[in-house]
Amino acid sequence: MKVNEIIQKIEEKFPLWIQEEYDNTGSQIVFPDDSIKGIYICLDADTITIEDAIANDCNLIFMAGSATMGKTFAGFMKALEGLGRQNYTARLISKRLQDNKKGGSIIRDAKLIYDGFAGCEFTAGEYPTAMWPHWNSAIQLIHANFNTENPSEWEEYKDYCRKNQSSLIYWDELTEIKEYKAFSYMFSRNRDNSGYGPCTVASFNPEHEHWTTEFLRLAGYIGDDYYAKPEMYGKIRYFAQKGDEITDIVWGDTREEVAKMAGLELTKEEMAGGMTVEKLVKSFTFLSGSAMSNMMLVNATKGGSVSN
């Protein structure tokens, strides 16, 4: 039996439309024409379960349950979602340049996940890269170690962003990026020609004075008391950027609402290309976690990661 055949049978019994809006149900990383050797069922695809699946000659993994991986690990796994397309690109960004040196923790995790996966060729240099030559696709780790308050470095940073245009951008520890404009400009380069829908993902630990806090407050995910609202976890909201500041963002519960409030209009060229004003609106969601969410680290430290 082929992979796509069993997925079709499962989705006939459990159609994707029954999932909640915050779920990521369905096929994540798929090689549809491969023949199934064995099926492995687990809660989460961490290094232990993946190695066990390989040892038991299983080439199809079904996962169910809570997301119990660390933030960075989850971001690396997310970047695999676009594989199988020609010319797919992803950029995993860390503020700290030293994290992108050979032997850093981020490099170690990236090599563990990507090296050898589906024919991956992994190289660790100034910009460690996981390359899939047969798809002309790459996931690359880059830094964002620029002083964007300095006019000359700001121009250098913008050129750097243009050269790193990609359809998936993952920010590790976004609170290291002190200026919203640095995030916003890279966000404007979130695209390629692979057919994978542009996606930006960010992980961070909360800081009261950081711009991410105000971003989430204005979006409705945390209250005026600066506590997160559990009822908003996973809820999708929509936005349009009307200026350079966070306060210039227009938020709403539907694309149509945001397009109307923001007064979005199409150019003649955009209309001729089949664009609609709703397509100019972006979607956003927020998920919270805790130290207990990273069970790999909890088990490895015998609880020390929580007690610390």
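View 1. The bridge partner of R237 in β11 is F284. Helices (H or I, at least four residues) and strands (E, at least two) are DSSP runs, numbered from the N terminus. Strand β9 (residues 237-241) and β11 pair in the antiparallel sense over three bridges; two strands pair if DSSP finds at least two bridges between them. The model is predicted: local features need pLDDT of at least 70 and side-chain atom pairs count only at pLDDT 80 or more, while totals for chains, interfaces and linings use all residues. Residues are numbered from 1 along each chain as its sequence is written, and side-chain values use heavy atoms, with hydrogens and water left out.

View 2. Axes are lines fitted to C-alpha atoms, for helices over the stretch in contact, and angles run from 0 to 180 degrees between N-to-C directions.

**View 3. Packing of helix α5 against helix α6.** The axes of α5 (residues 151-163) and α6 (residues 180-187) come within 9 Å and cross at roughly 30°. That makes α5 roughly parallel to α6 (angles under 35 degrees count as roughly parallel, over 145 as roughly antiparallel, 65 to 115 as roughly perpendicular and the rest as oblique). W154, Y157, K158, C161 and R162 in α5 meet K181, A182, F183, Y185 and M186 in α6; contact means heavy atoms within 4.5 Å. The residues of this contact divide into seven nonpolar, no polar and three charged (Ala, Val, Leu, Ile, Met, Phe, Trp, Tyr, Cys and Pro count as nonpolar, Asp, Glu, Lys and Arg as charged, and the others, Gly among them, as polar).

View 4. S166 is found in the loop between α5 and β7 (168-172). S166 is buried, with a relative accessible area of 0% (buried means under 20%, exposed over 50%, partly exposed in between, with a 1.4 Å probe and protein chains only). Not counting residues up to four places away in sequence, S166 touches T89, A90, R91, R189, N190, R191 and D192. The C-alpha atoms of S166 and S194 are separated by 9.4 Å, the two residues being 28 residues apart along the chain.
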